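Hi there,

Here is the structure I promised to pass on.

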Amino acid sequence: MSIAHDGTVSTVNTDHFSVVCVSRPADGEKIARLLELSYRHFESLFRSHDFKLRAPENKLAWITFGNAASFNHYAIETEGQDLSWLTGYYSAGTNVVAIVMPEKISKWQIKALASQPPNVIACPPDAETALVKLVHEAGHQLSFNTGLLKRRVMYPMWATEGLAMFFERSLVSEYFNSCRYTNLRAQRLASLHRHKHLIRLDKFISMTRADENANAIDVYAQAWGLFQFLCESRQDSLKEYLSTLYDLEPGWRSEETLHREFIRTFGPIEQLDPQWTQFLRTLPAR
């Protein structure tokens with residue numbers, strides 16, 4: 001596989017990652033350090049919730065591009081589709097994360113805590129969005145390589161995207177004064193609930209992608225909320241659910257099957273719905 005580029009290609013290897021940097025090679029070292037920090041935080045978060053994790057079988061590959069054109073050329077070549085509207089993605093097919101190197105990466109810092117590791121990432125608000133996106137893609141890749149999710153098994157969106165967003169807060173947002181990204185999702189979810197614009201729970205549990213007529217931001221907020229809710233109130237069932245799906249053979253499954261799998265583990269929607277509604281009422285109402 002060729003990688004379109006205009007400059008030097010360098011590779012930084014760490015204990016768990018292999019970062020290929022296309023141009024701006026000096027930034028590859030910082031990305032690699034951030035990814036190792038992500039790995040430690042991922043382990044800390046999910047083990048604190050009693051999830052059993054496995055070590056990745058191989059180093060996890062990242063490719064960072066110096067410009068959007070090279071990034072999209074790679075996406076077309078490997079994924080067979082134009083992804084010019086993105087600046088990064090994790091591919092469960094190739095098990096690789098590809099990103100456009102953030103312009104403000106120089107503002108990202110790793111700071112030591114006064115107490116004990118792991119360290120934290122710090123950056124000013126104007127450089128935070130790209131950092132959160134990197135953490136999000138790391139969450140996807142780590143979830144598919146540590147035994148939580150299995151590549152090529154079909155999952156509902158709340159499980160894959162909800163898990164990655166659940167991880168975002170553990171690494172970045174809790175060390176910012178406002179926990180901004182989590183708060184924004186919580187506020188949006190509360191507003192959707194208040195205005196009765198949420199997707200019905202019995203439909204949402206089997207959705208594998210955002211509906212064309214739905215606002216993606218709203219769907220992501222609901223995916224974050226459902227994963228957070230289940231982790232808080234049904235943690236043992238959530239672990240059982242993910243473990244059961246991990247044992248499945250890869251391949252497509254219908255929405256009806258996804259719906260049955262959820263109900264089998266978490267129980268009837270009419271019993272879960274009141275608890276879900278109560279969770280929504282506790283969210284910020286602004």
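The buried residues of H5 are Tyr-181, Thr-182, Arg-185, Ala-186, Gln-187, Leu-189, Ala-190 and Leu-192; buried means under 20% relative accessible area, exposed over 50% and partly exposed in between, with a 1.4 Å probe and protein chains only. Before going further, please note that this is a predicted model, in which local features need pLDDT of at least 70 and side-chain atom pairs count only at pLDDT 80 or more, while totals for chains, interfaces and linings use all residues. Residues are numbered from 1 along each chain as its sequence is written, and side-chain values use heavy atoms, with hydrogens and water left out.

H5 covers residues 180–194. Helices (H or I, at least four residues) and strands (E, at least two) are DSSP runs, numbered from the N terminus. From first C-alpha to last, the 15 residues of H5 reach 21 Å, close to the 21 Å expected at 1.5 Å a residue; the expected span is 1.5 Å times one less than the number of residues. The buried residues of H5 pack against H3, H4 (157–171), H7 (216–233) and H10 (269–281), where contact means heavy atoms within 4.5 Å. Just after H5, Lys-196 has a positive phi of about 60°.

**Helix H10**

What covers the buried residues of H10? H5 is part of that cover, which also includes H6 (201–204), H7 and H9 (255–266). The buried residues themselves are Ile-269, Leu-272, Trp-276, Thr-277, Phe-279 and Leu-280. Seen down the axis of H10, they fall within an arc of 155°, so they line one face of the helix; the arc is that of the directions from the helix axis to the C-beta atoms. On the other side of H10, Glu-270, Gln-271, Pro-274 and Arg-281 are exposed.

**The sheet**

There is also an open sheet of 5 strands, in the order S1-S2-S3-S5-S4, with mixed pairing; two strands pair if DSSP finds at least two bridges between them. S1 (9–13) and S4 (88–91) are the edge strands, each pairing on one side only. S1 and S2 (residues 17–22) run antiparallel and are joined by 5 bridges, and Thr-11 stands opposite Val-20 in S2.

H3 (residues 128–143) packs on this sheet and touches S2, S3, S4 and S5; its direction makes about 150° with that of S3. Such angles run from 0 to 180 degrees between N-to-C directions, with axes fitted as lines to C-alpha atoms, for helices over the stretch in contact. H2 (residues 68–79) lies across S3 (60–65), S4 and S5 (96–100), running at about 20° to S4.

Enjoy exploring!
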